[in-house]
Amino acid sequence: MFVTQGRPIPKATNSIQQRLELELLLQVSVLSHEELLVGVELMANHKPHHS
């Protein structure tokens, strides 16, 4: 268990809890596994514009 900003962080037992703890720690939204997969697919299919 780690302690940060005066709040103990319990050992995460699953990916949902890990993401929640990371969001609380960083105070930013963290993408889910599914959202990351969609992003990777979008980037792979992206065709850059050349000027």
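Q: What makes Arg19 partly exposed rather than buried or exposed?
A: In this predicted model, Arg19 has a relative accessible area of 30%. Buried means under 20% and exposed means over 50%, so Arg19 falls in between and counts as partly exposed.

Q: Why is the contact of Glu23 with Arg19 called a salt bridge?
A: The closest N and O atoms of Glu23 and Arg19 are 3.9 Å apart. The cut-off is 4 Å between a side-chain nitrogen of Lys or Arg and a carboxyl oxygen of Asp or Glu, so the pair qualifies as a salt bridge. A search of the whole structure finds 1 salt bridge.

Q: Why are Glu23 and Arg19 separated by about one helical turn?
A: Glu23 and Arg19 are 4 residues apart in helix H1. An α-helix has 3.6 residues a turn, so residues three or four places apart point the same way. Glu23 is also partly exposed, with a relative accessible area of 23%, against a limit of under 20% for buried.

Q: How do you know that the span of H1 is close to the expected value?
A: Helix H1 covers residues 15–26, which is 12 residues, and its first and last C-alpha atoms are 16 Å apart. The expected span is 1.5 Å times one less than the number of residues, and for H1 that expectation is 16 Å.

Q: What makes Asn14 a cap of H1?
A: A side-chain oxygen of Asn14 lies 3.1 Å from the backbone nitrogen of Ile16. A polar contact needs N or O atoms within 3.5 Å, so this pair is inside the limit. The end of H1 that Asn14 caps is the N-terminal one.

Q: What makes the phi of Gln27 worth noting?
A: Gln27 has a positive phi of about 60° although it is not a glycine. Most residues other than glycine have a negative phi.

Q: Why is Gln27 called exposed, and what about His33?
A: Exposed means over 50% relative accessible area. Gln27 is at 62% and His33, in helix H2, is at 55%, so both count as exposed.

Q: Why is Pro10 called partly exposed?
A: Pro10 has a relative accessible area of 32%, which lies between the 20% and 50% limits, so the label is partly exposed. Pro10 sits in the loop between strand S2 (7–9) and H1.

Q: How do you know where confidence is lowest and highest?
A: Strand S1 (residues 2–4) has the lowest mean, 53, and helix H2 (residues 33–45) the highest, 89. The mean pLDDT of the protein chain is 79, and 80% of its residues reach 70 or more.

Key:
Residues numbered from 1 in each chain as written. Heavy atoms only, no water. Helix = DSSP H or I, 4+ residues; strand = E, 2+ residues; numbered from the N terminus. Polar contact = N/O pair within 3.5 Å; in protein donor to acceptor, adjacent residues only side chain to side chain. pLDDT = per-residue confidence, 0-100. Buried < 20%, exposed > 50% of the residue type's maximum accessible area, 1.4 Å probe, protein only.
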